[in-house]
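Here are a few notes from my look through this one. Have the structure open while you read, and go point by point.

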Amino acid sequence: MGWRYGPIAKTIVFLIAMFNMCIALLAEYTTIGSIFSDFVGSVSYGIIIVVGVLTLAYTAYGGLAVSIATDMVQGVASVILAVVLTIFVAVTYRQQPIPSPLPDDLGPNFYGYIAIFTLTVSLISSTMFSEAVWQRVWASANPRSLYGGAAIGFVSISCVVFLSGFGGWLAFVWGYASFADETNPNTYLMQLLSRSPANVAARVDSWVGVLVVLLAIIMNEGAVD
């Protein structure tokens with residue numbers, strides 16, 4: 001970058017990339033902290049410290065190779081989490097019909113379209129300055145593996161993101177989360193694990209909840225490093 005475009009362009013790209021990485025890191029720590037404070041029922045800073053120390057230790061020891069390996073584990077954990085939650089929700093909640101017509105705040109509305117636009121722009125912009133893309137290029141054995149891995153990753157990520165968002169939407173439809181109760185946005189999906197709709201946040205009370213928390217930790221560590 002500096003050789004081709006000069007030191008000014010290099011510095012600007014560096015600062016943008018660092019800002020992007022800092023925002024992503026804070027988002028990951030905030031999410032796992034919210035899960036433990038609102039879903040597990042413990043303090044949030046404990047798991048944040050554990051994740052931070054663990055990722056710092058194995059990344060400092062193994063470098064980029066370990067980071068790529070943990071990304072693979074994170075991908076597997078994401079798929080397992082999506083499958084487990086899909087089966088659990090399909091078996092447990094299939095007797096509850098979706099209301100028709102939908103409430104105004106859950107159907108298509110202005111804020112929903114704004115969210116779609118904002119998420120699309122923010123994700124594309126952050127990806128342009130994300131170092132993760134170039135890690136995949138560096139780690140690929142050849143162009144064929146790069147394109148194949150990118151295609152598989154695209155499909156997998158699209159499915160996981162859709163199921164996560166759809167699960168949060170179902171939590172609102174069936175009364176497991178609500179705007180009036182100010183449910184933590186980071187735990188919308190977790191609310192589906194509650195045994196019955198209530199005015200209190202869901203808590204870990206089954207093996208599914210324990211598994212979801214463990215998978216969330218693995219995914220969080222993979223994202224942090």
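1. A word on terms before the details: helices here are DSSP runs of H or I with at least four residues, numbered from the N terminus. Keep in mind that this is a predicted model.

2. Start with helix α7, residues 143-173. F162 and F166 both sit in it, four residues apart, or about one turn of the helix. Their ring centres are 5.7 Å apart and the planes make an angle of 5°, so this pair is stacked.

3. F166 has a second ring partner in W169: this pair is stacked too, at 5.7 Å centre to centre with 20° between the planes. F166 and W169 are three residues apart in helix α7, again about one helical turn. That gives two aromatic pairs by this rule, and the ring pairs join F162, F166 and W169 into a cluster.

4. How exposed are these rings' residues? F162 is exposed, at 54% relative accessible area. F166 is partly exposed at 35%, and W169 is partly exposed at 22%.

5. Now look at helix α2 (residues 7-40) and helix α8 (residues 207-224): their axes come within 10 Å and cross at roughly 165°. Angles over 145 degrees count as roughly antiparallel, so that is how α2 and α8 run relative to each other. The crossing is left-handed.

6. As for who touches whom, the α2 side includes L25, Y29, I32 and F36, and the α8 side includes V213, I217 and N220. The residues of this α2 and α8 contact split into twelve nonpolar, two polar and one charged.

Key
Residues numbered from 1 in each chain as written. Predicted model: local features only at pLDDT ≥ 70, side-chain atom pairs only at ≥ 80, totals over all residues. Heavy atoms only, no water. Axes fitted to C-alpha atoms, helices over the stretch in contact; angles between N-to-C directions. Helix = DSSP H or I, 4+ residues; strand = E, 2+ residues; numbered from the N terminus. Parallel < 35°, antiparallel > 145°, perpendicular 65-115°, else oblique. Left-handed = near helix turned anticlockwise from the far one by under 90°. Contact = heavy atoms within 4.5 Å. Nonpolar A, V, L, I, M, F, W, Y, C, P; charged D, E, K, R; others polar. Phe/Tyr/Trp six-rings, centres within 6.5 Å; stacked < 30°, edge-to-face > 60°. Buried < 20%, exposed > 50% of the residue type's maximum accessible area, 1.4 Å probe, protein only.
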